[in-house]
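Work through the exercises below with the structure in view, and try each task yourself before you read its solution.

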Amino acid sequence: MSILSSSSSFLKYKIKEDLQANSSTLSIDQIRTSLKKNRFPDIINSETSEMTAGWTTLESPFDPDFETDPLTYGKYIIFSLRMDKKVIPKKIVEKELAIETKKILKEGQRDFISKKEKSTIKEDIILKLSLIIPSTPDIYNVVWIPETGEILFFSLSKAVNEVFENLFRTSFSKPVIRIFPYTKIFFSKNVKDADKDKFYNIKPYTLQD
Amino acid sequence: MLDIAVAYNKYKFSGYEFLTWLWFKTETDFGYIKDKTEILEDIYIDDKITIENFNENSREKITIKGDQANLEEGIISLSKGAFVTELKISLRTSEEKEFKFTLKGESLDIASFNIKKYKFSDSPDEIEGSLIEKIYYIEQLTTIVDKLFQAYINVRISDSFESYEIVQIKRWIKERSGNN
């Protein structure tokens, strides 16, 4: 698991509803129910799904049991986002396209295939390959800190962050706000409002003489 | 509150400025940094810096890997108007733990966080203890970064920023590049 690996990358979110309350307003049972409802599906529709995402548990990411698997570790609630993605190697598509194009030309005794026809052939090949190539699973750990209403998320990939943010909002009816320079100051309790206003008005300076 | 995507882009420069200032401060005034963070015993720039120059017409990016001597190239880039966009940092806490990590300027996200000579067990009997301990160190690190960023912002919005701090940073750049 990435959280315990020797090298971890992570970012922080603040849960929007918890900004004022400064604590989680959901009980662990409610969290467990919401996770279960939006769990990673047992069966993936391989024909239509390029990417499938859902929650899973920390200790059994590929066979979770939301009734019995632990979610609380000390004062933290820890679970994971599972994302399975179809990765169809470009070179396999190119190879199949070359074979199919040659076959069509030979069978139809033609010497030309239009760009549009080639594109349709390529789409068919990708669809056919997606049925036989399994999805690649990835697991990203989530640490929910109820006493501060913060979340540590263990991926810096923009695409993965977007999936996490959307799934979290769907599951818990609470948006998460990413922490970066502006939000760090905006939410800080140690910075006075007058100083926040000064920060909002700063402009880049130059070190060049 | 600004729209998140707008705010991210509008203020990412403050993260670049912060990393540049942090490099300057670690080399010139460690006592100041130690005072602001309380649990910091030592901090230094490790073996990797990414520097970018955001000119009006072009964007130049250089990544410098190597020992301290090779960071001279980075100093020269700063004198040409560039800012640090990623910094690999090593620090030692008052609990004698050595953290290595990369701090991203635009987001202040932390990448490749590693604790020297430390391994967390994921065996079922020890997993809870390991998780609590790892999160403890992560929170320690994020607190240090938050305090340093806040210290920078306090300096940045002060009346003497332009007349004193920028002058000091420029002087450091000149001295480091042997151009004094």
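**Exercise 1.** Which residues in α3(A) meet which residues in α4(A)? Describe also how the two helices are placed relative to each other.

*Solution.* The model is a predicted one, and we begin with the contact itself. From α3(A) come Ile92(A), Val93(A), Glu96(A), Leu97(A), Glu100(A) and Thr101(A), and they meet Lys118(A), Ile121(A), Lys122(A), Ile125(A), Ile126(A) and Leu129(A) in α4(A). Sorted by class, this contact has seven nonpolar, one polar and four charged residues.

The next step is the geometry: α3 (residues 90-107) and α4 (residues 115-132) of chain A pack with their axes 10 Å apart and at an angle of about 125°. Because angles over 145 degrees count as roughly antiparallel and those from 65 to 115 as roughly perpendicular, α3(A) is oblique to α4(A). The crossing of α3(A) past α4(A) is right-handed.

**Exercise 2.** Describe the side of chain B that touches chain A, and find which helix or strand gives the largest share of it.

*Solution.* Start with the counts: 44 residues of chain B are in contact with 39 residues of chain A. On the chain B side, α1 (4-28), α3 (72-79), β5 (110-115), α4 (127-156) and α5 (161-176) each supply at least two residues, and the largest share, 14 residues, comes from α4(B). By class, this side has 24 nonpolar, ten polar and ten charged residues.

Finally, look at the strands, where β1 (residues 8-15) of chain A pairs with β5(B) in the antiparallel sense over two bridges, and where Phe10(A) stands opposite Ile110(B) in β5(B).

Key. Residues are numbered from 1 along each chain as its sequence is written. Chains are lettered from A and ligands numbered from 1 in the order in which they are written. This is a predicted model: local features need pLDDT of at least 70, side-chain atom pairs count only at pLDDT 80 or more; totals for chains, interfaces and linings use all residues. Two residues are in contact if their C-beta atoms, placed from the backbone, lie within 7 Å. Helices (H or I, at least four residues) and strands (E, at least two) are DSSP runs, numbered from the N terminus. Ala, Val, Leu, Ile, Met, Phe, Trp, Tyr, Cys and Pro count as nonpolar, Asp, Glu, Lys and Arg as charged, and the others, Gly among them, as polar. Two strands pair if DSSP finds at least two bridges between them. Axes are lines fitted to C-alpha atoms, for helices over the stretch in contact, and angles run from 0 to 180 degrees between N-to-C directions. Angles under 35 degrees count as roughly parallel, over 145 as roughly antiparallel, 65 to 115 as roughly perpendicular and the rest as oblique. A crossing is left-handed if the near helix is turned anticlockwise from the far one by less than a right angle, and right-handed if clockwise.
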